Amino acid sequence: MGQTLTEKILEDHLLDGELETGEEIGIEIDQVLTQDTTGTMVWLQFEALDLDEVQTEIAAQYCDHQTYQFDFKNTDDHRFLRSAAGTFGAHFSRPGNGICHNVHKENYAAPGKTLLGSDSHTPTPGGLGELAIGAGGLDIAVAMGGGAYYIEMPEVVNVRLEGELPEWATAKDVILEMLRRLSVKGGVGKVLEYTGPGVETLSAPERTTITNMGTELGATTSIFPTDERTEEFLESLGRGEEYVEIGPDEDAEYDDEIVVDLSDLEPLIAQPSMPDNVVPVRDVAGTEVDQVIIGSCTNGAYEDVLPTAKMLEGRTIDKKTDMIVAPASKQASEMLAREGWTAELMAAGVNVSEATCGPCIGIGHVPGSDSVSLRTFNRNFEGRSGIEDDSVYLCSPEVATAAAIKGEIVDPRDLADELGDLEDPGFEMPEEYTGSKADLIPPEDAVDDELIKGPNIADVPLKDPLDAHIQGEALLKMEDNITTDHIVPASSDILMYRSNIPKISEFTLSRVDDTFPERAQAADGGVLVAGENYGQGSSREHAALCPMYLGIEAVFAESFARIHKANLFNFGIVPYTIDEETYEKIEQGDDIEVVDDVQEGIASGQNEFTIRVNDDWEATARLDASERERDIVVAGGKLSYTKQQAEEG
Ligand code: F3S
């Protein structure tokens with residue numbers, strides 16, 4: 001039987017286990033990436049593990065999420081990250097150099113390699129045939145030290161692309177169509193492998209828009225085979241020698257198949273406030289738009305900004321609409337500036353920003369109250385833009401630009417008819433990506449050789465080994481689809497404490513219930529209850545680390561998002577699954593006791609545990625965990641577990 005591309009790369013990197021769906025496998029990691037909001041913890045944990053040198057082929061530290069240096073804390077974090085990269089042997093990308101996925105794609109991503117990143121959109125270079133997975137910071141620290149990365153062997157789904165995109169439809173519409181069909185849970189436990197004749201009609205950067213947003217489907221990762229379009233892209237980046245041809249065998253067997261005919265697609269848009277709330281743009285045409293932003297790791301590349309600049313050439317945007325363009329990398333900014341496109345944008349009324357994640361996580365360019373913002377980003381979770389009850393739509397650069405011209409949502413095909421002189425700018429790649437590498441510091445040019453820690457950088461807290469008995473108040477009962485943004489909000493006034501767990505814990509789940517942090521501290525222990533898909537969103541390990549710091553011992557949820565579940569194990573919190581009936585019956589404030597001996601049960605492989613609620617009624621809670629995950633949670637988390645392992649040799 002032939003192999004899928006995913007199986008081929010995994011087999012090449014397999015260190016432990018067998019490639020059988022659902023089985024835990026350990027794989028070798030070639031490259032790691034980390035960014036500023038997760039990176040400080042990665043390096044503090046690397047240090048706490050007594051590791052002294054990066055072992056992977058490439059380790060890259062980017063500063064992209066919180067690039068504005070509002071006060072000393074953020075600047076200190078950046079300096080700490082530079083010093084950690086220098087001390088331990090990683091590449092360092094300075095604040096302002098661009099978003100991790102874009103800079104990584106431009107400089108390091110390579111077909112056939114494995115990449116692990118402490119950011120949920122790490123799968124972006126899957127568009128170049130790299131098997132790229134997002135994970136928590138502690139997993140990154142261990143992989144960077146040469147340890148295997150463990151994951152459940154996912155199902156592999158064949159997403160067969162047919163036909164060719166019609167005018168005004170883009171790669172963004174391909175992934176929005178996938179979200180419309182499958183929802184934000186449709187990819188959980190799966191790798192989406194793109195195949196079929198439609199693949200060659202898409203350039204490598206277009207493919208990366210699709211793989212980037214596979215994260216919103218909950219997929220482990222997404223990947224494309226390589227071909228001359230991949231080679232062409234690597235050559236234009238000056239890295240042609242890194243090209244290898246890889247793809248599935250002709251008789252590869254997949255767990256499932258989805259067919260998308262590109263010719264049927266039209267401009268689509270995700271309505272507030274979920275990326276899967278997708279409709280044709282024409283369905284919401286006429287909605288007044290207050291703000292438009294082009295940027296992010298999904299659609300902020302040179303090739304994404306170029307269509308905007310072309311559409312705006314010789315025009316101005318609507319007077320009541322603000323428009324911001326934040327290219328995703330400084331290389332893109334530099335090229336657009338040299339070619340004169342930045343001047344065109346400025347002349348059209350656009351505010352051209354530095355290369356940063358910024359507005360994608362509510363840092364800068366926060367929409368006004370009761371206003372509509374159209375963004376080319378990948379997420380529109382409620383409140384993520386920096387204001388509660390926001391109204392954020394997600395779409396392609398072409399749709400966003402059309403809205404900026406008209407001041408309201410409009411299908412660009414209709415705007416073209418109305419204006420008479422607006423043409424589909426199409427997708428164009430430069431022959432050569434130029435741009436200085438002044439902001440990329442390789443290990444051999446490291447500035448520092450010892451860690452520099454400012455006063456806001458605190459040591460990583462450790463948890464004691466798991467107790468035999470879990471009992472506590474259900475301190476919070478939450479609904480479905482609670483995101484890591486709900487658990488630890490990503491706004492600038494909170495994120496500046498990312499390297500200081502005692503301080504940032506004071507904001508834990510405050511967006512759901514602002515009394516929670518205080519109640520949790522006072523209770524000195526307790527549990528959380530949630531509906532489906534708990535912890536969806538980002539790889540932010542603070543979403544597990546902060547509850548751990550506040551004494552949370554277990555989360556009882558109908559289901560968990562993959563990365564967050566791994567993070568809960570990593571920080572010694574037991575992720576129990578409960579059925580819908582039990583979820584409905586439990587109320588906030590109930591007393592929940594796990595009747596069985598938790599320590600012994602988990603260690604011995606027990607899957608079902610009895611819980612007693614208010615000493616009144618009982619139900620079953622499931623624990624689906626590998627042997628390794630059980631050992632980790634019993635040890636009190638991965639830091640203690642890894643240290644134990646090292647001591648045992
Ligand atoms: Fe940054 Fe937003 Fe992407 S925070 S990494 S631009 S999802």
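Helices (H or I, at least four residues) and strands (E, at least two) are DSSP runs, numbered from the N terminus. Keep that in mind as you click along.

**Before you start**

You are looking at a predicted model, where local features need pLDDT of at least 70, side-chain atom pairs count only at pLDDT 80 or more, and totals for chains, interfaces and linings use all residues. Residues are numbered from 1 along each chain as its sequence is written.

**Stop 1: a stretch named in a record**

Select residues 527-580. An unreviewed UniProt entry lists them as "domain: Aconitase A/isopropylmalate dehydratase small subunit swivel"; UniProt positions are given in the numbering used here, feature names are shortened, and annotations may be inferred rather than shown by experiment. The span is 33% helix and 26% strand, and its end C-alpha atoms lie 17 Å apart.

**Stop 2: the domains**

Now colour three pieces: domain 1 (5-263), domain 2 (279-419) and domain 3 (471-647). These bounds come from an automatic or database domain assignment. Taken over C-alpha atoms, the centres of domain 1 and domain 3 are 27 Å apart. Where these two meet, 29 residues of domain 1 are in contact with 24 residues of domain 3 (contact: C-beta atoms, placed from the backbone, within 7 Å).

On the domain 1 side, show helix H2 (36-48), helix H3 (72-88) and helix H5 (137-144), the elements that give two or more residues to it. H2 gives the most, with 6 residues. By class, that side of domain 1 has 10 nonpolar, 13 polar and 6 charged residues. Here Ala, Val, Leu, Ile, Met, Phe, Trp, Tyr, Cys and Pro count as nonpolar, Asp, Glu, Lys and Arg as charged, and the others, Gly among them, as polar.

**Stop 3: around the ligand**

Which residues surround the ligand? Select His-65, Ile-99, Cys-100, His-101, Asp-119, His-121, Ser-296, Cys-297, Cys-357, Cys-360, Ile-361 and Asn-378; a residue counts as near if its C-beta atom, placed from the backbone, lies within 6 Å. Domain 1 and domain 2 each contribute at least three residues to this shell. Helix H4 (100-107) and helix H9 (296-299) each supply at least two. The shell divides into 6 nonpolar, 5 polar and 1 charged.

**Stop 4: a pair of helices**

Next, pick helix H10 (residues 302-312) and helix H11 (residues 330-338). They pack at an angle of about 35°, with axes 9 Å apart (axes are lines fitted to C-alpha atoms, for helices over the stretch in contact, and angles run from 0 to 180 degrees between N-to-C directions). Tyr-302, Val-305 and Ala-309 in H10 meet Ala-332, Met-335 and Leu-336 in H11. This contact has 6 nonpolar residues, no polar and no charged.

**Stop 5: two backbone details**

Zoom to Pro-272 and Ser-273: the peptide bond from the one to the other is cis, with omega near -10°. Ser-273 sits in the loop between strand E13 (268-270) and strand E14 (278-280).

Finish at Asp-389, in the loop between strand E18 (372-375) and strand E19 (391-394). Its phi is near 50°, a positive value in a residue other than glycine.
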